[in-house]
Amino acid sequence: MAKKLYLSAAAHAWDNPTKCPDACSENTHCGQYMDLVQARMTQLGAEVKRGPADWVGDKGIKKRVTEANKWGADLYYVAHTNAGGGRYSMTMCWDDATSRAKAQVIHKHRACVSRHKVVSRRNLYEISATKMVCLYDELFFHDNAQDCAWFHSGGMEQLAEETVAALCELLDIPYVALPGSEPPPVAPPPAGPKAGDVVKLSGEKLYRSSVGTAAVTRTGTFYLYDGKKVHGRYRVTNSKNRVGKKPLESNVSGWVILP
């Protein structure tokens, strides 16, 4: 039997303005985002029901919850965008272990944003009144013009597909990526400091050890002695010929903190 997914896009009675590059609103772009989620979940085999766009405000939300409860949905998913000056994505859920664990699945898949968090809430109607687990996304902040531009130039599709992957996992539905949607190869992390790297000091502290505050002020060119970080500091020497040379006490000039 197909798993039942209920979708509820933002449905404010008095819609929220956004800083999107074209005429838009929270209800509008959440509806567009949910169109993508709905189409993909249906394609992948879920039985999907979605709250009508004209069910708005408190009355509309109550009708959606009633419909989902009566239908016996396995999962209830909400999509909004946020306001208030933040720069993160957030998934909210009821404050219990089961709901938090399911919200963490979205967190795991939410890779296209720089910051995502899971927050428990008990004062949102859809979260508190649904008989099934409700996962409530605040996708990004629509009062940030840069993030709005990102959302309308590919970010919407990325977010939607990540959500689809998460919902498939939650509903035990095999996920099949869109053709050509495989993520680009991840670039290796930048190499860390290494022995011999140049360190230029300009009236900066040269510490006597890896801990403590004892230091002298120095200006000049030094070299990382071995590139090993100890308590947040690195050994340096004043000559390239002394890099890595033993004994330490004869060849290390002091310790520095790298930016």
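His231 counts as exposed, because 61% relative accessibility is over the 50% cut-off. This is a predicted model. The residue His231 sits in the loop between β8 (215–230) and β9, and although His231 is not a glycine, its phi is positive, about 55 degrees.

**Backbone points in other loops**

- Asp172 also has a positive phi, near 55 degrees, and Asp172 is a residue other than glycine.
- Asp172 belongs to the loop between α5 and β7 (198–207).
- Is Asp172 buried or exposed? Asp172 counts as exposed, since its relative accessibility is 66% and the exposed class starts over 50%.
- Between Lys246 and Pro247 the peptide bond is cis, and its omega is near 0 degrees.
- The loop that holds Pro247 runs between β9 (233–237) and α6 (248–251).

**The six-stranded sheet**

- An open sheet is built from six strands, and their order is β2-β1-β3-β6-β4-β5. The pairing in this sheet is mixed.
- Strands β1 (residues 4–9) and β3 (residues 75–82) run parallel and are joined by five bridges.
- Within β3, Leu75 is the bridge partner of Leu5.

**Helices on the sheet**

- Glu162 has its place in helix α5, which spans residues 145–171.
- Glu162 counts as buried because its relative accessibility is 14%, and the buried class covers values under 20%.
- Which side chain makes a polar contact with that of Glu162? The side chain of Arg110 does, at 3.4 Å.
- Leaving aside neighbours within four places in sequence, the contacts of Glu162 are His109, Arg110, Ala111 and Cys112.
- Val164 is in helix α5 too, and Val164 is buried with a relative accessible area of 0%.
- Residues up to four places away in sequence not counted, Val164 touches Val37, Arg40, Met41, Leu44 and Tyr175.
- From C-alpha to C-alpha, Val164 and Ile106 are 9.3 Å apart in space, and in sequence they are 58 residues apart.

**The second largest pocket**

- The second largest pocket holds about 340 Å³ of space.
- This pocket is lined by 17 residues, and the closest to its centre are His12, Gly57, Asp58, Ile61 and His80.
- Two or more lining residues come from each of α2, β3, α4 (125–129) and β6.
- Which element gives the most to the lining of the second largest pocket? Helix α2 does, with four residues.

Terms used:
Residues are numbered from 1 along each chain as its sequence is written. This is a predicted model: local features need pLDDT of at least 70, side-chain atom pairs count only at pLDDT 80 or more; totals for chains, interfaces and linings use all residues. Side-chain values use heavy atoms; hydrogens and water are left out. Two strands pair if DSSP finds at least two bridges between them. Buried means under 20% relative accessible area, exposed over 50%, partly exposed in between (1.4 Å probe, protein chains only). A polar contact is a pair of N or O atoms within 3.5 Å; within protein, one must be able to donate a hydrogen and the other to accept it, and residues adjacent in sequence count only if both atoms are side-chain atoms. Contact means heavy atoms within 4.5 Å. On a 1 Å grid over the protein atoms alone, a cavity is a set of points where a 1.4 Å probe fits but cannot get out, and a pocket is an open set with protein on both sides within 12 Å along at least five of seven lines; lining residues have an atom within 4 Å of a point. Grid points are joined across faces, edges and corners, and a volume is the space filled by probe spheres set on the points.
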